[in-house]
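Here is a short briefing on selected local features of one protein model. Please keep the structure open while reading.

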Amino acid sequence: RPQSIYNTRILHTAIIGRKHHHPRIQRAAPSTMKKRRNQSSQMQQQQQQQQQQQQPHDEVPPPGQSRAAKKRAKKRAKFEGNDAGRIETESSSSPPPASAVVVDKDKRADEGKEASPKTKAKEHHDENVAKKTAFPANAARDNQKSLGLIDEMEPELEELLSALTPLQILLLDERKPCDDEPTSENHRVVRPLDIIGDLTTQHRARVLLSSILHPSAVTVSEFYDDYWGKRPLVAAFDETFDENDDDESSSSRRRRYRQHVSRLNGFLDRTLIDEMIRNNKLRYGSDLNVTRYADSAGNGMRRRITLDPPPQKRHGKNEEYVVADPSDVWSNVDESRCSLRLLRPHEHAETVHAMLSLLESEFGCMVGSNSYLTPLHSQGFAPHYDDVDVFILQLEGFKRWRVYPPVDKRETLPRVSSRDYTEKEVEEMGEEEIDVVLGPGDVLYLPRGWIHQAETVARPGYLPKVHGVKDDHSLHLTVSAMQNWSWADFLEMLIPEALEGAAASDKSTSLREGLPVNFLSYMGTMHSLEEEDESDLPEGLRQAVESQKVHETVRIQSKSEGDSDGECSNDEDDDADMLAKQARVRALQNAFKEEAKKRIMRVCKQAMSMLDDACDQIGIRFLSDRLPPALLKPEAALTKEAHASSSSTSPHHNDASKKIWPNTLCRLVRPNIARLVIEDSKAVLYHCLDNSLVYHKTPLSPMEFEVDDAPALEQLLTTVEPNWIMVKDLLHGDVEDKMEIAQALYDEGILATKLLESPDRSVQMG
C-alpha cells in the first residue's frame, strides 16, 4: 500500500525557508491569505499604461495575446505545416517496421479467436459498471477545452506516439529502430522517435500517459471522461495464443508479446533494488518495509505482519530507524516469503523520477511512487483501499489482482486509507469486480476507495514463455496521485480564511455580535427530537423519543377516560399552555436559524471573493509538495548550469549567453514550476526547482520583488515553450530593471535563455 505522504496537516510556516539574498531581491517571509484588490488594480493599470508605450518584438510572438489570436495562429501553422510537407505512410501490402507501425487497437485479437482471460476480465468489469453506474462526462475538463486552456493533441498523433515506450518518451532510451525496408524520397515513413523530441512538455506528458495506457486502447480523453476517479482500468496484452495458428501468425503474435513485456523495462528490477539497499544505507520504516500476509496465530485467520525492527535510541538522542542489512532483507524475502516495499524509489532511480515529474505536469498535482517485490505464491498486504489514485505498473513476474468496488457512498473517493479487511469481510462483499493476472508490461489503474488484494502467481498457461521473463517473484511500481487534492481540501483552506476575513470586516459587525441571550434553552438536539429521523438517532436518544411518545399517549388516554366519567379537570388549560410554549420555542428556533443563515451567507460571499487567494495558497502547497522537475536534456541545455559548464562553440553556449542582455530570449524552463503572488505589498515568487526528492526535506525559498516588477515577472512565468519573449519587450519602466529581473530568475535556475545574435551591449547592468 502506498505510504501516506501526508502524515499530518501541513502548516504553511513549516514549508517556507530562506536562502541567500540576490542584489535585487529579498527572500519573502511565510505568507497568509489576504485580500489585495487595490494592489491588483494598481498593477493592472500600470500594466495597461506600459503596454501602450511598448511595442512587442517583431520576431517574438507576445505571450499575452488573446485566445482567439492564439487559435488563429495555431490553425495557420497547422495549415502551413500540412501544405509544406505531406508525409506518406507505407502501403498496406508491405508491413512497415515495428517502430513505424500504428497499431489498429480495435483489431488486436484475431476474429473468431476466443478472448483471453484478461480480455474477459475487462469485458466483465465494463458490463458490471455499465449496469451499476452511469458516470457523467468530465464537464470541467470539457469547459477547459472549449476555452482553449487545454492544448489537445491530434488523435492520430497521440495514437502514433503512444506506441513508444515511456523511456523513449522521456528521451532516456536512445536506441534507434532498425530500418527493415529502404525508403525513397517519395515514400517516407512517420517515425515516432523523430517527432517526440520536438514536443512541448505538456504534449510529452500527455503522450507519456497515453503510452502507459496504450494496451487498453483507451485514449487519454476517454480515460479522463470515463475512468479517472470513477472506475478501474486494465491495460494488458489481450491477444490469445492458439496452437492452430499458422507459423506466420503465431510468430507475429509472439513478436508483439515480446515487445509488450519489455515496454516498461528500465525503471526498476531486482538487481537495481539490491544496489539501492547496499549503496544508500536504506532504513527500515522510513525507506523500506518487509511484510507478509499470513496466519501467524494459527487460528485460520491471515493478517498483515511487519517484520521491520523498531527504531532505536542512540546515546540519548531521538529514536533512529535501523539501517537495513541487505542479507537480512533478502533472507526475509527469499526464505520467509515476505514482501519488500521500497518507499520513494524515485529518490535513487532517475528514470522513475523523470516519469513522476512529467506526470505532475499532466495531472497538476503531486505524484509519488512505491515499489513492491513479492515472492511466488505470497501476498504482502491485507485487502484494503487507498486514499490515492494509483497506476500499477507490472515490471517483473505475474500477480493476480482482485478488486472490489467501494462498500458504500461514504467510502467512495475517501480522504484516508482504510483499515485492513478480514477475509470474512471480503467474502461478504460478493463477487470481485476485477480478477486479473498482470504480467510484465501490463498496467492497472485504481481510483481511491476501490478495495484490492494481490498475490504473486506463476506464469498463466495462456501466455507463452519468453526469454528473460521469470515468475519466481513479482515486482510492480505503484504511481500515486490525487492525495489530499479534493474540493474538501480546497475548502478547508478557504473557509477558515473567509470566516476570519468576514469577521474582521469594517462594513458589518454581524459576525462579531453576541449570541442571543439564553439561546441554549431552546436550541440543540434535546429541543428538536421530534424533528429528527429516529432511525439516525443514537440508541439512547431514540429511547427518549419513544418514552415521550408513550407518556403522551397515556396522558391522552387518561384525559379521554376522565371526560367519559364527567370529571372536570384543567387538562384543556394545560394543553393550551403547552401549545403556546411550543409555539414560542418554535418561533425562537426559526429566528435563530434565520440569523445563522444570514451570517453563513456572509461568510460564503467572503469566500467567493477570496477564491484566487485560496488558489494561490493551494498552488504554493503544491509547489512545496511536488518533486523537483527532472529536466530533459533539451530543457537543461538552456539553463544557467548548462551555460556555465558548456564548452560548446554554439551561439547558445558562449560567454555572452551567461549574462542577460536586452536582446536575450527568455521563457520559464518548464511550465508551472513557479508561481507569483502578491503579499504585503510585495510581489513574491515561489518555485520548486530546489525541492528535495524526499518529501518536504527542503523548504521553499520564496523570492521577493517590488510590486511594480509584477507585470514583467508575470510575462516571464507565463511564457513557456514553444514561445520566447525578449528582455527588452518586458513590461517595465526601463531596460536596466528588465535585465535585473530576468537576471534574478536566470541566476535562480528557473529561466531558459537563448541568444540568437550578438548581444546588445548598449545597456550594461551594475
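Helix H8 (residues 201–212) has 12 residues and spans 17 Å from its first C-alpha to its last, close to the expected 16 Å at 1.5 Å a residue. That expected span is 1.5 Å times one less than the number of residues. Helices (H or I, at least four residues) and strands (E, at least two) are DSSP runs, numbered from the N terminus.

The model is predicted: local features need pLDDT of at least 70, side-chain atom pairs count only at pLDDT 80 or more, and totals for chains, interfaces and linings use all residues. Residues are numbered from 1 along each chain as its sequence is written, and side-chain values use heavy atoms, with hydrogens and water left out.

**Helix H8**
- H8 is mostly covered, with 11 of its 12 residues buried.
- Buried means under 20% relative accessible area, exposed over 50%, and partly exposed in between (1.4 Å probe, protein chains only).
- The buried residues of H8 include His 203, Arg 204 and Arg 206.
- Val 207, Leu 208, Leu 209 and Ile 212 are also among them.

**The sheet with S15**
- Strands of a sheet pair through backbone hydrogen bonds, either parallel or antiparallel.
- Three strands form an open sheet here, in the order S19-S15-S20, with antiparallel pairing.
- S19 and strand S20 (751–754) are the edge strands, each pairing on one side only.
- Two strands count as paired if DSSP finds at least two bridges between them.
- S15 and S19 run antiparallel and are joined by two bridges.
- Leu 665 has Met 726 in S19 as its bridge partner.
- H21 packs on the sheet and touches S15, S19 and S20. Contact means heavy atoms within 4.5 Å.
- The direction of H21 makes about 75° with that of S15. Axes are lines fitted to C-alpha atoms, for helices over the stretch in contact, and angles run from 0 to 180 degrees between N-to-C directions.

**Backbone exceptions**
- Most residues other than glycine have a negative phi, and most peptide bonds are trans.
- The peptide bond from Glu 721 to Pro 722 is cis, with omega near 10°.
- Pro 722 sits in the loop between helix H21 (710–718) and strand S19 (725–726).
- His 377 is not a glycine, yet has a positive phi of about 60°. His 377 lies in the loop between strand S8 (367–375) and strand S9 (389–396), and is exposed, at 56% relative accessible area.
- Asn 672 also has a positive phi, near 65°. Its loop runs between strand S15 (665–668) and strand S16 (674–679). Asn 672 is exposed, at 51% relative accessible area.
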